[in-house]
Amino acid sequence: MEKRDTPQPLVSPRFIDAAGHRTLYRELGAGEPVVLLHGSGPGVSGWANWSRIAPVLADGFRVLVPDIAGFGDTLARPGERYGIKLWVAHLLGFLDALGIQRAHLVGNSFGGALAIGVATAAAHRVQSLVLMGTPAGEFPLSEGLRAGWFYEPGIEAMASLLRLFPYDQSLVTSDMVDERYVASARPGAQDAFRALIPQPSTQAGATVKGFPPATLSTIAQPTLVLHGRDDRVVPADCGLLIHRCVPRSDLHMFGQCGHWVQLERETAFLALVRRHLAEA
């Protein structure tokens, strides 16, 4: 199992107005812009997902790590109706606010779905895609997604939830659990999350719907698809579907790997992403 113990530099957060949202982001490095998009779930944020990866990718690229509207410190606006159209508009507004005409999008899980949404709504703004553990098509509600939707703030509850994500349970540290728990327990944090993500049905056979094959087939950008074979949050079949549908896609499936490819296979992840960005 790949692990690095080198401490990563602390990068100060900044705020910018994007599509009417006071948006927290971090910026590192210089070069072609690469936007790292986080997943969804209790206590999630851009830096929680990408703090190990962003400083390394910043050697050669301008790396941007935003909190997507309604997550982290980009607070939900009262009465706002959230959905993929709003998130796409927010991300495009974020790029506009920074004067970025075209960027590489690297999306983790929900962030991958958002990257697909931007690529299909405003293809000229996207240079390439990296889709990691990204939902697609229609699939049975997973153990990990159900646990996230029904999570109630608590240290043990957060620990149990996070253990569903990696194949190697040792990756879930007490510091990680504490950090995610504190973020998830902030006043209104869970209410905001539940307003953003529809509560799943309690009936057997509940399904999740991502972008359908017909939409995926319209993506023209070079696309790197990464997925853990043992993912208990978004099944590996989603990665296979994306690869089958997106014309200019490459797929790498990691064995003995769950939903956190960027942590569980960090060295390989960085090598594959760097090569993809250089060639796109």
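## A first look

Helix α12 (residues 266-279) has 14 residues, which should span 20 Å at 1.5 Å a residue, and this agrees with its end C-alpha atoms, 20 Å apart. The expected span is 1.5 Å times one less than the number of residues, and helices (H or I, at least four residues) and strands (E, at least two) are DSSP runs numbered from the N terminus. This is a predicted model, where local features need pLDDT of at least 70, side-chain atom pairs count only at pLDDT 80 or more, and totals for chains, interfaces and linings use all residues. Residues are numbered from 1 along each chain as its sequence is written, and side-chain values use heavy atoms, leaving out hydrogens and water.

**The strand β5**
- In strand β5 (residues 103-108), six of six residues are buried (under 20% relative accessible area, with exposed over 50% and partly exposed in between; 1.4 Å probe, protein chains only).
- Ala103, Leu105 and Gly107 point one way from β5, while His104, Val106 and Asn108 point the other way.

**Its neighbours**
- Strand β3 (residues 33-37) runs parallel to β5 and is joined to it by four bridges; strands pair if DSSP finds at least two bridges between them.
- Leu36 has Val106 in β5 as its bridge partner.
- Six bridges join β5 to strand β6 (residues 126-132), also in parallel, and Asn108 stands opposite Met132 in β6.

**Confidence**
- The chain has an average pLDDT (the predictor's confidence in each residue, from 0 to 100) of 90, and 90% of the residues score at least 70.
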